[in-house]
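Reader: I would like to learn how to read the features of a structure like this one. Please give me the general idea each time, then the case at hand.

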Amino acid sequence: MRWSPALLLLLALAACAGSSPDSREVTVFAAASLREPFTALAETFEAQHPGVRVTFNFAGSQALAQQLNAGAAADVFASADARQMDWAVEGGSVADGSAAVIAHNRLVVILPPENPAGIQRLADLARPGVRVVVGAEDVPAGAYARQWLDQAAQDPAHGEAFRDQVLANVVSLEESVAAIRTKVLLGEADAGVVYASDTAGQDLLTIEIPAGQNVQASYYIAPVLAGPQPDLARAFIDFVLSAEGQRILAESGLIPAGETGE
Amino acid sequence: MAENLHQTGRWQRPSRLPSRWRESGPVWWAVFSMPVLLFLAIPVLLLFFEVRPADLWMQLGSEQTRQAVVISMKTSLISLAIILLLGTPLAYLTGRFQFRGRAVLETLIDLPTVLPPSVAGLALLLAFGRRGLLGAPLNDLGLQIAFTQAAVVGAQVFVAGSLYIRSAAIGFALIDPEILEASQLDGASTLQQLRHVVLPLSRYALLSGAVMSWSRALGEFGATILFAGNLPGRTQTMPLAIYLGFESSLESAVALSILLVLLSSLALLGVRWLSRGRMD
């Protein structure tokens, strides 16, 4: 039989469109800030499940929820906040009540190592001319940063104008914590607001945000409805929640789910 | 141009093919053209059914959407002016003169059209960023480029400029040298020659190149988000607003997409209309 070009084309398209059924692959859509811990988790998971491959799509949680609601094929969704997980539930991508908290995080302010704006404390962020980058409002890290600013403005040490002064210094609303960190690492921005876990192993200066003002970011994980590998999805989620999984998350600077009260 | 050749009879189909092939009309070609045509047309047309016309108008009236439209128009027109002003000499150089290294020069000009825009954005950021070779001295002078509209324009000029330069170079190359010699003999200065001979004779190539560059600048995304960042009211152009709108409000993203489809289609139709004037 001769292979007609059209048939070859169809075969090539089919090969692009999806993996063959016997390749055991679990696809995880995870918040950009989970890149380091989840990559480490996957190594151990793959070692424990021979023949299984974990494929990641790391991006801002809001982008992932939108992709899932538009029908992207995935097995697991890990969101950096409850709002984007709720949106995936509303969109019919995730079953209501199936999400579990896997870890917590807190915000820190990061500065380039040479600290071009000479920032010594949080109050300096309100100084005119300081170039600040935060997440866009729909990006969980951006929503948390605004919550922190709201709380900081209540503190007489900063004063009510603090929030507006810092927001006036914002030069870019980024689509993920990874993009914020890159712009600070390159020295283009004087300061950025990211998660504490994003600073592990990076050449950055950090300023801690006092616990009283800081927000508790919570990561949620859930199996995706109609995911191609429901058994593997369950196994991966169970592994993330296991003692070993939680230990790996803690190594990356995340706060394990059990340690802070809900 | 093809029509002209056809009318003079110099353009004919080869006649040595078997007769059943020679006689096959456009019907079969049309049938086999359908997959690509439908693939191109359906997604674009479906955009128009995503929102009701009344909602479309409302979305376009919202503050953030309006700002994005204004910034896109402003920056793309400034970019176009810069491309015309600085690109025309380069187009004339590569279009009308033979010299060593011309191939290298033309490759350099063409590079941005095939380079991923994210590469362009990264390169611009590393060159003109605060620590960049060019950005550091500018920063010392108090000029910051990253995160400003200057960076938006820079990204657009970098990515879109080559379309105009290439089109203009071809237009300049097609001018008959004898006409230029004649005008020189008549005592025309270089500027007079440019104004009364070169530009009128190549106006179609210049205009269509300008329109193509402008539409490409209007659609610039990857280089902009890396080099200029994303701030509504300052650096958020329509493509950036679509990308972030896609995540928060699908309606406004669709409204902006429809606007861009209409603007780009009008630009392409304009090029066709210009070319029709030239064909007859």
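**A side-chain pair, a sheet and an interface**

Author: The side chains of E174(A) and K183(A) are joined by a polar contact of 3.0 Å. Keep in mind that this is a predicted model.

Reader: Where does E174(A) lie?

Author: E174(A) is in strand β7 of chain A.

Reader: Is E174(A) buried or exposed?

Author: Buried means under 20% relative accessible area. E174(A) has 2%, so it counts as buried.

Reader: Which residues does E174(A) touch, not counting residues up to four places away in sequence?

Author: Among them are V134(A), G135(A), A179(A), I180(A) and K183(A) from chain A, and F147(B) and G229(B) from chain B.

Reader: How should I read the sheet?

Author: Strands of a sheet pair through backbone hydrogen bonds, either parallel or antiparallel. Here, an open sheet of five strands in chain A has the order β7-β6-β8-β5-β9, and the pairing is mixed. At the edges are β7 (170-174) and β9 (205-208) of chain A, each of which pairs on one side only. On average, neighbouring strands of this sheet are turned by 30 degrees against each other, direction ignored.

Reader: In which sense do β6 and β8 of chain A pair?

Author: Strand β6 (residues 132-135) and strand β8 (residues 191-195) of chain A pair in the parallel sense, over two bridges. V133(A) stands opposite G192(A), a residue of β8(A).

Reader: Which strands does helix α7 of chain A lie across?

Author: Helix α7 (residues 177-185) lies across β5 (107-111), β6, β7 and β8 of chain A, and runs at about 145 degrees to β8(A).

Reader: How is the size of an interface given?

Author: It is often given as the accessible area lost when the parts come together. Chain A and chain B bury about 2000 Å² between them, with 52% of it on carbon and sulfur atoms. In residues, 25 of chain A are in contact with 21 of chain B.

Reader: How many salt bridges are there between chain A and chain B?

Author: The count is two. D190(A) and R130(B) meet through their side chains in a salt bridge, at 2.5 Å from N to O. Polar contacts across the interface of chain A and chain B come to twelve residue pairs. On the side of chain A that touches chain B, the elements giving two or more residues are α3 (61-69), β7 and α7 of chain A. The largest share of that side, five residues, comes from β7(A).

Note on methods:
Residues are numbered from 1 along each chain as its sequence is written. Chains are lettered from A and ligands numbered from 1 in the order in which they are written. This is a predicted model: local features need pLDDT of at least 70, side-chain atom pairs count only at pLDDT 80 or more; totals for chains, interfaces and linings use all residues. Side-chain values use heavy atoms; hydrogens and water are left out. Two strands pair if DSSP finds at least two bridges between them. Helices (H or I, at least four residues) and strands (E, at least two) are DSSP runs, numbered from the N terminus. Axes are lines fitted to C-alpha atoms, for helices over the stretch in contact, and angles run from 0 to 180 degrees between N-to-C directions. Contact means heavy atoms within 4.5 Å. Buried means under 20% relative accessible area, exposed over 50%, partly exposed in between (1.4 Å probe, protein chains only). A polar contact is a pair of N or O atoms within 3.5 Å; within protein, one must be able to donate a hydrogen and the other to accept it, and residues adjacent in sequence count only if both atoms are side-chain atoms. Buried area is the accessible area (1.4 Å probe) that two parts lose on being put together, summed over both. A salt bridge is a side-chain nitrogen of Lys or Arg within 4 Å of a carboxyl oxygen of Asp or Glu.
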